[in-house]
Amino acid sequence: MIDNETVITMFTLSGLNGTANYRVALFALTLLCYSVIWLLNVTIIVTIIVNKNLHEPMYIFLCNLCINGLYGTSGFYPKFLNDLLSTTHVISYAGCLLQGFVLHSSACADFSLLALMAYDRYVAICRPLVYHSMMSKQRVCVFVFFAWFLPLYLMFMSTVTTSTSRLCGSHIPKIYCVNYFIGKLACTVSITNNIIPPFNYIFYFGHFIFIIWSYVYLISTCLTSKENRTKFMQTCLPHFFCLVTLTVCILFDLLYMRLGSETLPQSAQNFMAIEFIFFPPIINPLIYGFKLTQIRNRIIQFWCGKRL
């Protein structure tokens, strides 16, 4: 809603206009998906917390990755479920900024935590003699703190910068809010809006490059030892698969936002928009739950009452 064509208090979201005929079915599927995300991630989180044998760096980072999955999806699914039951798809200005902040910071925190997990595997396999000194409890706490603090701080600064822009429109061509589309509604583009987003992209692209470099080094190291190859296959492959899944999903979304065609069916647009808040939160706990023996055994022991 626009007051004197200057003050924006509400945004309209697009993407759900053609869902009236199957809205109930879509609501049920979305609720089921969100419930599965909670079940899978909470299972991993609780399993790691209650088992002291799992209080090791790799599992602590995995626990935070699952917590971040719940954090990120909480910025989308509740609002989306509400929109499916509503005839009007609007969001307040503050709510839009908050949703964008949660989704952006969660995606960035995923890369931060995956970078930490890659570093942990690098030290464990390539420098095992100094692993316990380099990955002490104090250092792990510091690593986890910055893995959360940096994404939250950078996205907070980006959101604050976006909020200072004067807007000349109120329509967001997506089923949720992102800073990119809010920025496109700005009447004028500020210098900070041209600096902060590219800096964030470069900063987290650096995370991706670091992870790839660590894997190149790990593979070259593992080729010389059967024991290291076993470690790599058990703990590094799930991590690498999660990284590829996250990167592909985010790249699809980013490339479509900037280069996508409006002639693409709305359902396909919506699917590409929700990939990174659908696949990683489900795949991450599934992959680690099945692949990591200690976690798998603890879960089976809990559900089946067996002592493994």
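**Close-up 1. The disulfide of Cys96 and Cys177 is left-handed in this predicted model.** The torsion about its S-S bond is about -110°, which gives the left-handed assignment. The sulfur atoms of Cys96 and Cys177 are 2.0 Å apart. Cys96 belongs to helix α4, whereas Cys177 sits in the loop between β5 and α7 (179-184), so the bond ties together parts that are 81 residues apart in sequence. Both Cys96 and Cys177 are buried.

**Close-up 2. A disulfide joins Cys168 to Cys187.** The S to S distance here is 1.6 Å. With 110° about the S-S bond, the link of Cys168 and Cys187 is right-handed. The pair links distant parts of the chain: Cys168 is in the loop between α6 (137-163) and β5, and Cys187 is in the loop between α7 and α8 (191-222), 19 residues apart. Cys187 has 28% relative accessibility and counts as partly exposed. A search of the whole structure finds two disulfides. Counting bonded cysteines along the chain, the disulfides follow the pattern 1-3, 2-4.

**Close-up 3. Cys66 is in no disulfide.** For Cys66, the nearest cysteine sulfur is that of Cys63, 6.9 Å away. Cys66 is buried, with a relative accessible area of 1%. The sulfur of Cys242 has its closest cysteine sulfur in Cys66, at 8.9 Å, which is too far for a bond; the cut-off for a disulfide is a sulfur pair within 2.5 Å. Cys242 is buried, its relative accessible area being 1%.

**Close-up 4. Tyr34 and Tyr77 form a stacked ring pair.** The structure holds 25 aromatic pairs. In the pair of Tyr34 and Tyr77, the ring centres are 5.0 Å apart and the planes lie at 10°, so the two rings count as stacked. This pair links distant parts of the chain, with Tyr34 in helix α1 (residues 23-50) and Tyr77 in helix α3 (residues 77-84), 43 residues apart. Tyr34 has a relative accessible area of 13% and is buried. Tyr77 is also buried, at 3%. Ring pairs connect Tyr34 and Tyr77 with Trp38, Phe76, Phe80, Tyr176 and Phe276 in a cluster.

**Close-up 5. Three strands make up an open sheet with mixed pairing.** The strand order is β4-β3-β5. At the edges are β4 (90-92) and β5 (171-172), each of which pairs on one side only. Strand β3 (residues 10-13) and β4 run antiparallel and are joined by three bridges. Phe11 has Ile91, in β4, as its bridge partner. Helix α4 (residues 93-126) lies across β3, β4 and β5. The angle between α4 and β4 is about 90°.

**Close-up 6. Helix α2 is largely enclosed by the rest of the structure.** Helix α2 covers residues 57-74, with 18 residues. From its first C-alpha to its last, α2 reaches 26 Å, close to the 26 Å expected at 1.5 Å a residue. Of the 18 residues of α2, 14 are buried, and therefore the helix is largely enclosed.

Key: Residues numbered from 1 in each chain as written. Predicted model: local features only at pLDDT ≥ 70, side-chain atom pairs only at ≥ 80, totals over all residues. Heavy atoms only, no water. Helix = DSSP H or I, 4+ residues; strand = E, 2+ residues; numbered from the N terminus. Expected span 1.5 Å × (residues − 1). Buried < 20%, exposed > 50% of the residue type's maximum accessible area, 1.4 Å probe, protein only. Pairing = 2+ DSSP bridges. Contact = heavy atoms within 4.5 Å. Axes fitted to C-alpha atoms, helices over the stretch in contact; angles between N-to-C directions. Phe/Tyr/Trp six-rings, centres within 6.5 Å; stacked < 30°, edge-to-face > 60°.
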